[in-house]
There are 2 protein chains.
Amino acid sequence: MTVAAARIEKLTETRQRILEAAREAVALNGWRNAQVAHIAARAGVATGTVYRYFNSKADLYAEVLGLVSRREIEVVAAVVDGDGPAARRLVDAIHAFARRAMRGRRLAYALLAEPCEPEIDAARLKYRAALADQVARLIEQGIADGEFIEVDPRLAASCVTGAFMEALVGPLAPETEPHSRAAQTAARNIAGLAARMLFRQTAPGPDSPIGGPIP
Amino acid sequence: MTVAAARIEKLTETRQRILEAAREAVALNGWRNAQVAHIAARAGVATGTVYRYFNSKADLYAEVLGLVSRREIEVVAAVVDGDGPAARRLVDAIHAFARRAMRGRRLAYALLAEPCEPEIDAARLKYRAALADQVARLIEQGIADGEFIEVDPRLAASCVTGAFMEALVGPLAPETEPHSRAAQTAARNIAGLAARMLFRQTAPGPDSPIGGPIP
DNA sequence: AGCTAAAATGAATAGTGATTCACGATTCAT
DNA sequence: ATGAATCGTGAATCACTATTCATTTTAGCT
């Protein structure tokens with residue numbers, strides 16, 4: 001069986017290489033070079049081979065998006081399910097997301113905002129929806145605890161995610177060096193602002209960065 | 001000269017018909033049926049004729065976008081330049097925008113959020129930028145007047161526009177009947193929430209709809 | 001080695017849609 | 001009326017890519 005196992009391993013490894021190549025390509029230049037031929041070349045296989053592993057281009061990218069987004073959603077979910085006041089967790093969740101998005105900016109932009117063909121777009125929406133779900137869940141908690149003002153959690157979640165996504169990777173968002181002080185300040189400010197929408201009282205927690213002076 | 005004038009009028013009228021056809025097509029089904037051939041048919045001319053009046057498809061749509069957005073930007077700008085406290089004007093500006101966007105939802109979505117080819121997208125960004133500019137301008141005033149917390153106006157403008165755009169016409173935004181009570185409440189809540197990000201104190205103006213009960 | 005099935009190949013196919021252009025129709029100044 | 005200029009036409013062309021498939025290569029088996 002070890003021979004058969006080796007064979008299967010090689011197959012799955014090729015599959016992985018294709019997925020990885022697709023992810024890299026998008027992370028590098030966005031959907032512009034997301035053509036099947038390009039991915040195949042990058043993975044070191046012929047174009048036809050891609051279709052041995054994936055039914056269609058859309059299928060391939062649906063899987064890539066799923067893979068990439070799962071991690072991000074998990075990070076946010078972990079914060080949402082953590083301890084402490086909802087207000088604090090909301091800021092932290094956004095902040096965590098923001099920090100991560102500011103590395104792989106190109107990928108984050110492609111995932112969140114860049115125009116692409118409708119078929120792939122459908123897969124992208126699942127990611128956005130999942131993200132908004134986490135936020136909505138947290139908002140519900142915050143309302144129940146009396147920390148947040150009483151609004152429709154879904155609507156509020158849209159506003160909050162819209163706010164930080166636009167500021168982070170929106171087409172107008174400024175390019176910042178991932179590790180610069182400016183980027184860190186921006187991440188904190190974005191998190192603080194987006195969360196403030198829901199705060200019952202302006203005064204934030206003890207050592208929260210909200211509302212600091214202009215950088 | 002009246003004959004020459006008539007000729008020119010006919011020419012510009014054809015041009016207008018093409019522009020109008022393009023706008024209608026996008027308003028109806030989004031970028032899906034924004035093909036040159038389709039527009040031409042809708043305007044009652046041959047495809048080639050379109051190219052007598054516009055250098056390229058991108059040019060045509062750049063003009064369409066400019067025409068449509070100018071109106072919206074003017075509406076917002078008027079509110080921004082109005083009287084009263086900045087906080088109130090911010091809510092009003094967003095509210096005005098929201099009401100208008102909720103009619104022509106399909107067009108608003110196409111303008112603000114729908115994926116489309118990169119060339120047209122470039123033109124779309126101008127609209128977003130112009131909108132963010134108005135908001136940023138207002139935020140600057142609000143900060144100067146001490147009404148808003150002190151943050152980078154550009155960053156805050158991104159957050160605010162992102163918040164209401166996502167909630168209004170984002171791909172996850174709920175479909176509502178344009179004139180229903182639900183839509184009106186949503187518009188008010190969105191405006192209230194988005195603006196709250198910047199408020200120094202939670203308590204809104206005298207008869208502001210902010211923070212009302214869940215609809 | 002010879003055989004077979006799975007796997008890989010990449011040239012050919014096909015669909016889409018923007019753009020061009022050679023030609024006929026119209027208009028208008030003379 | 002005439003012909004040069006302008007306008008309108010729509011079939012043909014071009015560019016781009018996803019997808020297919022006949023063929024070749026590889027790997028395991030006897």
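The legends below describe close-up views of a predicted model.

**Figure 1. Surroundings of DNA strand C in the predicted model.** DNA strand C is surrounded by 20 residues. The closest of these are A:Val45, A:Ala46 and A:Gly48 from chain A, and B:Gln35 and B:Gly48 from chain B. Elements of both chains each supply at least two residues of the surface near DNA strand C: helix H1 (2–29) and helix H3 (47–53) of chain A, and helix H1 (2–29), helix H2 (36–43) and helix H3 (47–53) of chain B. By class, the residues of the surface near DNA strand C comprise 9 nonpolar, 8 polar and 3 charged.

**Figure 2. Surroundings of DNA strand D.** Around DNA strand D there are 19 residues, of which A:Gln35, A:Gly48, B:Val45, B:Ala46 and B:Gly48 are the closest. Two or more residues of the surface near DNA strand D come from each of H1, helix H2 (36–43) and H3 of chain A, and from each of H1 and H3 of chain B. The element that gives the most to the surface near DNA strand D is H3(B), with 4 residues. The surface near DNA strand D consists of 8 nonpolar, 8 polar and 3 charged residues.

**Figure 3. The contact between chain A and chain B.** Chain A and chain B bring 40 residues each to the contact. On the side of chain B that touches chain A, at least two residues are supplied by each of helix H7 (118–144), helix H8 (153–169) and helix H9 (181–196) of chain B. The largest share of that side, 10 residues, belongs to H8(B). Divided by class, the side of chain B that touches chain A has 25 nonpolar, 8 polar and 7 charged residues. Of the interface residues of chain B, 100% are also interface residues in chain A, so the copies meet through the same surface.

**Figure 4. The relation between the two copies of the chain.** Two copies of a chain are related by a rotation about an axis and a shift along it.

**Figure 5. Packing of H5(B) with H7(B).** Helix H5 (residues 86–102) of chain B packs with H7(B) at an angle of about 160 degrees, and the axes are 9 Å apart. H5(B) and H7(B) are therefore roughly antiparallel to each other. Their crossing is left-handed. H5(B) makes the contact through B:Ala86, B:Ala87, B:Arg89, B:Leu90 and B:Ala93, and H7(B) through B:Leu138, B:Gln141 and B:Gly142. The residues of the contact of H5(B) with H7(B) are 5 nonpolar, 2 polar and 1 charged.

**Figure 6. Packing of H5(A) with H9(A).** Helix H5 (residues 86–102) and helix H9 (residues 181–196) of chain A cross at roughly 140 degrees, and their axes come within 8 Å. The crossing of H5(A) and H9(A) is right-handed. From H5(A), the contact is made by A:Ala87, A:Leu90, A:Val91, A:Ile94, A:His95, A:Ala98, A:Arg99 and A:Met102. From H9(A), A:Ala183, A:Ala187, A:Arg188, A:Ile190, A:Ala191, A:Gly192, A:Ala194 and A:Ala195 take part. The contact of H5(A) with H9(A) has 12 nonpolar, 2 polar and 2 charged residues.

**Figure 7. Packing of H4(A) with H5(A).** The axes of helix H4 (residues 57–80) of chain A and H5(A) come within 8 Å, with a crossing at roughly 160 degrees. H4(A) and H5(A) are therefore roughly antiparallel to each other. The crossing in which H4(A) passes H5(A) is right-handed. In H4(A), A:Glu72, A:Val75, A:Val76, A:Val79 and A:Val80 meet A:Arg89, A:Asp92, A:Ala93, A:Ala96, A:Phe97 and A:Arg100 in H5(A). The contact of H4(A) with H5(A) has 7 nonpolar and 4 charged residues, and no polar ones.

Note on methods:
Residues are numbered from 1 along each chain as its sequence is written. Chains are lettered from A and ligands numbered from 1 in the order in which they are written. This is a predicted model: local features need pLDDT of at least 70, side-chain atom pairs count only at pLDDT 80 or more; totals for chains, interfaces and linings use all residues. A residue is near a molecule or strand if its C-beta atom, placed from the backbone, lies within 6 Å of it. Ala, Val, Leu, Ile, Met, Phe, Trp, Tyr, Cys and Pro count as nonpolar, Asp, Glu, Lys and Arg as charged, and the others, Gly among them, as polar. Two residues are in contact if their C-beta atoms, placed from the backbone, lie within 7 Å. Copies are superposed by least squares on the C-alpha atoms of residues with pLDDT of at least 70 in both. Axes are lines fitted to C-alpha atoms, for helices over the stretch in contact, and angles run from 0 to 180 degrees between N-to-C directions. Angles under 35 degrees count as roughly parallel, over 145 as roughly antiparallel, 65 to 115 as roughly perpendicular and the rest as oblique. A crossing is left-handed if the near helix is turned anticlockwise from the far one by less than a right angle, and right-handed if clockwise.
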